[in-house]
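The following paragraphs lead the reader through selected features of one protein model. Please keep the sequence and the coordinates at hand while reading.

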Amino acid sequence: MSEPLILGIESTCDETGAALVRGRELLGDAVATSMDAHARFGGIIPEIASRAHLESLVPVLDAALERAGVGLEDVDAVAVSAGPGLIGSLTVGVSAAKALAVCLGAPIYGVNHVIGHLAVDELVDGPLPERFIGLVVSGGHSSILSVGDIAADVVELGATLDDAAGEAFDKVGRLLGLPYPGGPHVDRLSQTGDRGAIRFPRGLAAGKDRDRHRYDFSFSGLKTAVARYVESLEGAGRQVPRADVCAAFSEAVNDSLTARAVRACQDTGCDTLVIGGGFSANSRLRCLAAERCDAAGLRLRVPPLRYCTDNGAQIAALGAAAVRAGLAPSPLGFAPDSGMPLDLVVAR
């Protein structure tokens with residue numbers, strides 16, 4: 001007997017996604033983005049994002065079904081991002097998913113969007129190990145998770161105390177006058193710069209902070225250090241070496257992320273590190289994580305670039321994991337939760 005067909009719907013921020021997954025196989029997916037509509041504002045405008053989801057959801061769903069070669073009547077369960085995310089955007093996806101579930105007579109699983117960034121790796125590299133450390137890095141989250149069962153046993157070991165890694169990159173990009181979103185442009189410039197030209201601080205590196213916040217991150221002080229460096233050069237009428245600034249800034253962020261993630265693996269006895277989230281597309285993060293995992297004898301799993309940004313596949317993959325684990329569906333009355341805690345995988 002074949003495994004159930006799971007429809008996943010994603011609408012946490014500015015991407016509208018839908019995907020069909022059977023077991024650990026992605027049958028088809030589609031994504032639409034409203035990023036261009038936000039560019040002139042230099043950031044996400046929640047109302048614009050919500051309206052874009054309303055316009056895109058049905059076309060995206062139709063495209064995913066067509067690519068999968070299935071019909072809505074074939075869907076056995078519906079999974080949808082319940083949080084964290086923008087409340088208006090979440091509401092659009094959750095409302096649509098509930099309507100579909102009722103019409104189909106199918107169970108619905110309101111799943112944690114952040115955990116989905118790790119679950120999607122099963123669609124590429126197969127079953128996740130019995131226990132591993134997950135590093136989720138995106139525009140809104142930088143967290144280290146201890147995972148026993150992706151559907152039922154997730155514990156947050158540490159997180160950012162202020163800016164997330166992706167958020168910090170976008171802010172530095174804006175500081176340097178780079179187009180929105182700044183993160184990819186900072187990453188691109190960093191590849192041509194000198195990582196050792198400027199020594200920017202590592203957050204929580206002092207002895208007391210290092211012990212108290214063993215798995216936490218802080219990037220606000222780093223961002224301020226970059227701003228002061230740029231302002232000092234501009235104030236003196238000197239040209240800002242943007243490539244070197246990007247390279248040194250990127251090194252400071254990725255040094256902190258990878259060092260703490262590897263430390264978590266070693267402290268917990270886990271031999272696998274899984275990295276997910278939009279910022280996992282960062283070239284230096286991937287390179288440095290590979291170097292440090294190799295040196296520590298750890299296995300590194302990072303999904304391909306197409307699965308880094310928000311997408312329906314990650315939601316369908318986590319929904320499939322929840323069904324496989326025998327978890328009860330979410331009650332039909334569950335509400336989207338913009339601050340959904342990371343130890344809650346399925347909404348109750």
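A residue is called buried under 20% relative accessible area, exposed over 50%, and partly exposed in between. By that rule Y229 is partly exposed, because its relative accessible area is 25%. The model discussed here is a predicted one.

Y229 also takes part in an aromatic pair. In this model the count of aromatic pairs comes to four. In one of them, the ring centres of F200 and Y229 lie 5.9 Å apart and the ring planes stand at 90°, so the pair is edge-to-face. The two partners come from distant parts of the chain, 29 residues apart: F200 belongs to the loop between α7 (182-190) and α8 (207-212), whereas Y229 belongs to helix α9 (residues 220-235). F200 counts as buried, because its relative accessibility is 3%. The rings of F217 and F219 have a centre distance of 6.1 Å and an angle of 10° between their planes, and the pair is therefore stacked. F217 is buried at 1% relative accessibility, and F219 is likewise buried at 1%.

Is T258 buried or exposed? With a relative accessible area of 2%, T258 is buried. Its side chain reaches the backbone oxygen of D255 at 3.5 Å, and a polar contact of 2.7 Å joins it to the side chain of R292. Leaving aside residues up to four places away in sequence, T258 touches L285, L288, A289 and R292.

Attention now turns to strand β4 (residues 77-83), in which A82 lies. A82 counts as buried, with 1% relative accessibility. Which residues does A82 touch, not counting those up to four places away in sequence? The contacts are L90, V94, G110, V111, F334, P336, D337, M340 and A347. A49, by comparison, is 33 residues from A82 in sequence, and their C-alpha atoms are 16 Å apart in space.

Some backbone features remain to be described. G83 and P84 are joined by a cis peptide bond with omega at about -15°, and P84 is placed in the loop between β4 and α3 (87-104). Another cis peptide bond joins Y180 and P181, with omega about -10°; P181 is found in the loop between α6 and α7. The loop between α7 and α8 contains L204. Phi of L204 is near 60°, a positive value in a residue other than glycine. At 12% relative accessibility, L204 counts as buried.

How values were computed: Residues numbered from 1 in each chain as written. Predicted model: local features only at pLDDT ≥ 70, side-chain atom pairs only at ≥ 80, totals over all residues. Heavy atoms only, no water. Helix = DSSP H or I, 4+ residues; strand = E, 2+ residues; numbered from the N terminus. Buried < 20%, exposed > 50% of the residue type's maximum accessible area, 1.4 Å probe, protein only. Contact = heavy atoms within 4.5 Å. Polar contact = N/O pair within 3.5 Å; in protein donor to acceptor, adjacent residues only side chain to side chain. Phe/Tyr/Trp six-rings, centres within 6.5 Å; stacked < 30°, edge-to-face > 60°.
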